[in-house]
Amino acid sequence: FDAGKAVFLEKPLATDLKESQAIVDRVAAEKRPAAINFSLAHAPGLIALEDLVKSRRFGKPVSASVDVQFAAWPRPWQMGAASWLSKRAEGGFTREVVSHFVFALQRALGAPEILESKATYPAGDGAETASQARVLFGDVSSVITGQVGGTAVADRNLTTVAFEKGAI
């Protein structure tokens, strides 16, 4: 932005909420192109979910859940970035993976409101090994859970939205 160029940002915008808000405020004030990398933005599953929410073919959404599990954190293919992904201040699966699913649910169901959350951390400065949150997306009650260990596969992600007459 300082050079007068558009920006394509990786998430998180910053490791501090005030810094993140300053970036958002600057983008809004300067009205120049900016985007954040959320890989699910054009995913067929999100497009189908948005269609079901808008069309009401399955009725109204009544609940949602996100469950992520990892054999190890960081995942084997992320070991080049383990020096920060394994640390509480900048890494962890909630920031790195869960954020994508929160983005998707927010876009399909409405703004999130965290009702309660908790995380389990190892001694020292390591990233979370488990997390759980209850979140409202619009008026849809949701549970988000995550865990390192307990699965043999490197990466298992499951997001479900239940409607009055079905689920996706």
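The mean pLDDT of this predicted model (pLDDT being the predictor's confidence in each residue, from 0 to 100) is 92 for the chain, with 99% of residues at 70 or more. Confidence is lowest in strand E2 (residues 34-36), with a mean of 86, and highest in strand E5 (residues 130-137), with a mean of 98. Helices (H or I, at least four residues) and strands (E, at least two) are DSSP runs numbered from the N terminus. Residues are numbered from 1 along each chain as its sequence is written, and side-chain values use heavy atoms, without hydrogens or water. Because the model is predicted, local features need pLDDT of at least 70 and side-chain atom pairs count only at pLDDT 80 or more, whereas totals for chains, interfaces and linings use all residues.

The largest nonpolar core comprises 25 residues; such a core is a set of buried Ala, Val, Leu, Ile, Met, Phe, Trp, Tyr and Cys residues joined through side-chain atoms within 4.5 Å. Here, buried denotes under 20% relative accessible area, exposed over 50%, and partly exposed the range in between (1.4 Å probe, protein chains only). The members that touch the most others are Leu 49, Val 68, Leu 105, Leu 109 and Val 161. At least two core residues are supplied by each of helix H2 (44-55), strand E3 (61-70), H4, E5, strand E6 (140-148) and strand E7 (155-163). The largest share, 8 residues, comes from H4.

Apart from neighbours within four places in sequence, Leu 49 is in contact (heavy atoms within 4.5 Å) with Leu 105, Ala 108, Val 161, Phe 163 and Ile 168. Leu 49 is one of the buried residues of H2, together with Leu 46, Glu 50, Leu 52 and Val 53. Elements covering them include E3, H4 and E7. The face of H2 turned away from this buried side carries the exposed residues Pro 44 and Lys 54. Arg 56, which follows H2, has a positive phi near 65 degrees.

In helix H4 (residues 93-109) lies Ser 99, which counts as buried at 19% relative accessibility. Leaving aside neighbours within four places in sequence, Ser 99 is in contact with Lys 11, Phe 38 and Thr 94.

Strand pairing (at least two DSSP bridges between two strands) places E5 in antiparallel arrangement with strand E4 (residues 112-120) through 8 bridges. E5 also pairs with E6 in the antiparallel sense over 8 bridges. Leu 136 of E5 is the bridge partner of Glu 113 and stands opposite Ser 141 in E6. Ser 141 also has Ser 63 opposite, and E3 and E6 pair in the parallel sense over 8 bridges. In E6, Thr 145 is the bridge partner of Gln 132. The hairpin formed by E5 and E6 has 2 residues between the strands, and Gly 138 in the turn has a positive phi of about 65 degrees. The covered face of E5 consists of Ser 131, Ala 133, Val 135 and Phe 137, while Ala 130, Gln 132, Arg 134 and Leu 136 form the uncovered face.
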